Amino acid sequence: MSSGVAARRDAKKLVRSPSGLRMVPEHRAFGSPFGLEEPQWVPDKECPRCMQCDAKFDFITRKHHCRRCGKCFCDRCCSQKVPLRRMCFVDPVRQCAECALVSHREAEFYDKQLKVLLSGATFLVTFGNSEKSETVVCRLSNNQRCLILDGDNRHEIEVAHISTVQILTEGFTPGAGSARATGMFLQYTVPGVEGVTQLRLMAGEDANASRRQAAAWLAAMHKAAKLLYESRDQ
C-alpha cells in the first residue's frame, strides 16, 4: 500500500453534531468496524415524561437525550458524562445510567485490549486446509480495519469481512475459569473470491513471555469480536 493511500485511510476531520464534537474519518468507508452510528433522538413531542422514572417534564424538570441510545430522560436519570469512543466523541457525553455502564465497560477495551491488538503477537498460522504452517506476527492496523499477518508473506484481512472468530483453548471447558487460550480460528470473505476463507492461529511453544503475549492478544481479540458483532447488529 502506498503512503498516499495509507494517509487517506488514516485522515480524520472534526465535525459537530447535536450530541457534541466528533473526530471522524475523512472518508466514511475508512471508519473503524468497531464504531457505532449516532442514534436518532426521540422527538421532544413524543416524550412528555422521563423514559426511565416517568417524571413529567416541565420548566423545572428538563429533558435530556442520551447520546448513546437517543432516548429522553430527566437530569437525575441522565446525569453522567462518560467517554463514548465508539462514536468518536472528543469529550465525555451525557448518557443514561444503563448506557453509561456499557460505555464504562467498553473503555477497558480502548484503554487496554486495543493497545495489545495494535502491538501484535507471534503465532503459527495455517491457511485453509493446508498442513503447512508459518510463523507470523499478527496485529491490528492503526486504523483498526485490518488484521495484518507479517511472515514470509504479508497478508491483510479486513476486520469487517470476518464472519467467525473462535478462540481455541486447552484445559477445562471455556467459561470454567481455568481454560487457557492457545489459538484462534477465523473465517472471512475476500472480495472477488467465492466462498469463505479460513485460517488457524496457534501460539508457539517457545518462550513463556511470547506465549503470555499471544494469550493476551487472543483475549483482546475475543473482546474485539464481541464489539464487532454488536456494531453489525446496530
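Q: What accessible area do Leu14, Met23 and Val90 have together as a nonpolar patch on the surface?
A: This is a predicted model, in which local features need pLDDT of at least 70, side-chain atom pairs count only at pLDDT 80 or more, and totals for chains, interfaces and linings use all residues. Residues are numbered from 1 along each chain as its sequence is written, and side-chain values use heavy atoms, leaving out hydrogens and water. A patch takes residues with over 30% relative accessible area and no salt bridge, joining like charges within 9 Å and nonpolar side chains (Val, Leu, Ile, Met, Phe, Trp, Tyr) within 5 Å. By the Shrake-Rupley method with a 1.4 Å probe, where only the protein chains shown count as cover for residues, the patch of Leu14, Met23 and Val90 has about 260 Å².

Q: In which strand is Leu14 placed?
A: Strands (E, at least two residues) and helices (H or I, at least four) are DSSP runs numbered from the N terminus. Ser17 is found in the strand of residues 12-17, and the place of Leu14 is likewise in strand β1.

Q: Is Ser17 buried or exposed?
A: Contact means heavy atoms within 4.5 Å, and beyond residues up to four places away in sequence Ser17 touches Arg22, Glu38 and Phe89. Buried stands for under 20% relative accessible area, exposed for over 50% and partly exposed for values in between (1.4 Å probe, protein chains only). Because its relative accessible area is 15%, Ser17 is buried.

Q: The charged end of Arg22 sits over the ring of which residue?
A: A charge sits over a ring if NZ of Lys or CZ of Arg is within 6 Å of the ring centre and within 35 degrees of the ring normal. The charged end of Arg22 is 5.9 Å from the centre of the ring in question, that of Phe89.

Q: How many aromatic pairs are there?
A: Rings of Phe, Tyr and Trp (its six-membered ring) pair if their centres lie within 6.5 Å; planes under 30 degrees apart are stacked, over 60 edge-to-face and the rest tilted. By this rule the number of aromatic pairs is three.

Q: What is the angle between the planes of Phe109 and Tyr110?
A: Phe109 and Tyr110 are both buried. Their rings form an edge-to-face pair, 5.2 Å centre to centre, with an angle between the planes of 85°.

Q: How many residues apart in sequence are the parts tied together by Phe123 and Trp217?
A: Phe123 and Trp217 form an edge-to-face aromatic pair, 5.5 Å centre to centre and 65° between the planes. Phe123 lies in strand β7 (residues 121-127) and Trp217 in helix α3 (residues 208-233), so the parts they tie together are apart in sequence by 94 residues.

Q: How many salt bridges are found in the whole structure?
A: Side chains of opposite charge can pair when their charged atoms come close. A salt bridge is a side-chain nitrogen of Lys or Arg within 4 Å of a carboxyl oxygen of Asp or Glu, and a search of the whole structure finds eight.

Q: With which residue does Arg94 form a salt bridge?
A: Arg94 counts as buried because its relative accessibility is 17%. The closest N and O atoms of the salt bridge are 3.2 Å apart, and the partner of Arg94 is Asp75.

Q: Which residues are linked in a network of salt bridges?
A: The side chains of Arg86 and Glu106 meet in a salt bridge at 2.7 Å, N to O, and both residues are buried. The network of salt bridges links Arg68, Arg86 and Glu106.
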